[in-house]
Amino acid sequence: MSTEAEDRPSEPRRAGLGARLSALFGGRAAEAASEGQADEADRREQLFTIRDRDNIAWFWNSYLKKRTPWLFVVLGMIMVQGVVYQQFLALTESGLRVIFEEGEFSDLVRVCLIVFGLFVVRAGMSYLVPRLSVFLASNAVQELRHDLINRVMMLDLAYFERTKPGDLILRLVLQAQQLSIFVGQGTVGAVRDAVTILIVSGYLIYKSATLFLATVVILPAIVLLMQYVSHRIKDVQRKAENAMGAYMGGIEEMANGMRTVKISNQEENEKGRLRKATEDIKDLALRLQAAQALVVPTIDLASAITYVLVIGGGGWFVLMGTSGMDGAAIITYLLGLVLIFDPARMLAQFFAKLQANLIILNSVRELYEEVPTITDTPGATDDFDVAGDIRLENVRFSYSPDVPLFDGLDMTVRGGKTTAVVGATGSGKTTVLSLMTRLYDVEGGKVTIGGKPIRDIRIRALRGAFSVVAQDIVIFNASIWENIRYVKPEATEAEIWAAAEAAEIADLIHQRGDSPLGPKGSQLSGGQKQRIAIARAFLRSAPILLLDEATSALDQQTEDKVKAALARLGKDKTTIIVAHRLSAVTHADWIYVLDAGRIVEEGRHADLMAKRGLYAGMYEAQKGGYE
Ligand SMILES: Nc1ncnc2c1ncn2[C@@H]1O[C@H](COP(=O)(O)OP(=O)(O)OP(=O)(O)O)[C@@H](O)[C@H]1O
Ligand SMILES: [Mg+2]
């Protein structure tokens, strides 16, 4: 490492070759550069940012370190491969000498046999190294995927509401795969190449240090090129990952929204959008290739220069007869260079690819570092009074900082009673339910159950206390039966049938049998999906029942039946009903009327009617609608 670079860390552009070399291999100069001013010119210098090295260290420590013994086995086999080349050179030289000096034929045969034997050994290694390294890398990346899945599962609902599925799929599927290939094949290949270069170079230097200078002469050109190329590759790769994410997200949205696409004649538009995305991907792939394509010809040119220097200079040595080198030595020397240049070319390509993979590694690490905010607090317990009152006290909450939703909301849901929450669309009814189940956390005030703040209850236990029929129902692409069982996998067959009967969905189970319901339950009607959700609530039969527009999609007759069943289910349970149709809540023990995040009226149906306020107005208007 150059002292020049260390003395003048803030001027990496003017730093000498030593600094550039150390920048290439992640020395202190690169670190200094990345800590320097955020000047574009400075950033161009970094091949390994601090973040990159941190990412590599993370990957090493988390997934590779424990495999060190096996990695040494791989390294050992790679060393054998390098030694084979060195021995091959030494033997070739003696073989040539036998020929040139008209020695014994038997010596030649011996050399040939040993050379062949050596290459058999190398072939054996060439078979074993990738087998072992791919095995190690695949295992490491599988662990990484497991960790990512664990992390993703912990993340807040809010994360999924702001993240495109395409980005998630990209990271969990493609990028993880790419890393596996890069680590298992790319990196191991690079180590093999580096070892080959070191061993063969060492041998060549031993044979003639002067001639080897011819090889060193071209090194600066290669270093400069690699810096230029790497910078470009990082830039393009980042864009390429984004483009790929956008493409996958686009496909996901298109497939999910096909009904809307078709009904609004937007096929052309969608085609255009996806085509544009594929064009972006193609353009970026070409740009990536354009940057990488410079590497090989440069190395080839550099090799040509070296060959010429060695033939010229070496020939001159022989002609002068002073260096102790003969024709056999020169030919062997050239052969040695041939053996080096191929690995050198591969190694240069590896560095180019490394830059692209650093971007991918960073992207995967970002997902890994995503921190959930809704987690169990230290000391949280499972123990609380599920039958107690649920209270929202002075609750403050907003989805986005600039649009506050609740500011000082107070609400009491009596344990064992039925409470209704009504109000205009967007007034915050569903959000109230989300706060009780900690899908979101309040920003101020608190939510308590039986007097205990829900933050002090373990999330699993808290959510386990709720049966929810949500407004947006999620149906998985499985049979109705499986969909109902989802909320209680250990349920018996009889329990599931009972739940299905209560939700009036049993007939449909008989009809459809085991056939899956299509992505997102697309093969079902709205009311059928709703009845599956209700059946889930029956099956789960938790102490607190949340019904968010639970029967809005049912016809009157079915609704009456389901409601009677729900009333039986909710008997003596704390029940919260959210409904637009006020006729559905008249029986409630208490009714809250929400308007733009505030409670404007509360009381029993008869009291609210007598008040002749908002509730009475809404009720009359709805009643009028039926007359
Ligand atoms: N995930 C979210 N991110 C950002 N804003 C949201 C989110 N969910 C809801 N909102 C906003 O918060 C407000 C309250 O939404 P909420 O779903 O609680 O209303 P609601 O009373 O249930 O309405 P509806 O009767 O239509 O179901 C709305 O203005 C909505 O746009
Ligand atoms: Mg709602």
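The following questions and answers concern a predicted model of a protein chain with a ligand.

Visitor: Which domains does the domain assignment give, and what distance separates their centres?
Guide: The assignment gives domain 1 (47-369) and domain 2 (390-626). Taken over C-alpha atoms, the centres of domain 1 and domain 2 are separated by 56 Å.

Visitor: Are helices α11 and α13 roughly parallel or roughly antiparallel?
Guide: Helix α11 (residues 219-256) packs against helix α13 (residues 267-293) with the axes 9 Å apart and at an angle of about 160°. Angles over 145 degrees count as roughly antiparallel. Therefore α11, relative to α13, is roughly antiparallel.

Visitor: How many nonpolar residues does the contact of α11 with α13 have?
Guide: The crossing of these two helices, α11 and α13, is left-handed. By class, their contact has six charged residues, four polar ones and, as the number asked for, 17 nonpolar.

Visitor: Is N256 exposed, partly exposed or buried?
Guide: N256 has its place in helix α11. A residue is buried with 20 or more other C-beta atoms within 10 Å of its own, and exposed with 12 or fewer. Because N256 has 14 C-beta neighbours inside 10 Å, it counts as partly exposed.

Visitor: Which helix gives the largest share of the shell around ligand 1?
Guide: The residues surrounding ligand 1 include E161, Y399, K429, T430 and T431. By class, the shell divides into two charged, two nonpolar and eight polar residues. Its largest share, three residues, comes from residues 429-436, helix α16.

Technical notes:
Residues numbered from 1 in each chain as written. Chains lettered and ligands numbered in written order. Predicted model: local features only at pLDDT ≥ 70, side-chain atom pairs only at ≥ 80, totals over all residues. Near = placed C-beta within 6 Å. Helix = DSSP H or I, 4+ residues; strand = E, 2+ residues; numbered from the N terminus. Nonpolar A, V, L, I, M, F, W, Y, C, P; charged D, E, K, R; others polar. Axes fitted to C-alpha atoms, helices over the stretch in contact; angles between N-to-C directions. Parallel < 35°, antiparallel > 145°, perpendicular 65-115°, else oblique. Left-handed = near helix turned anticlockwise from the far one by under 90°. Domains from an automatic or database assignment.
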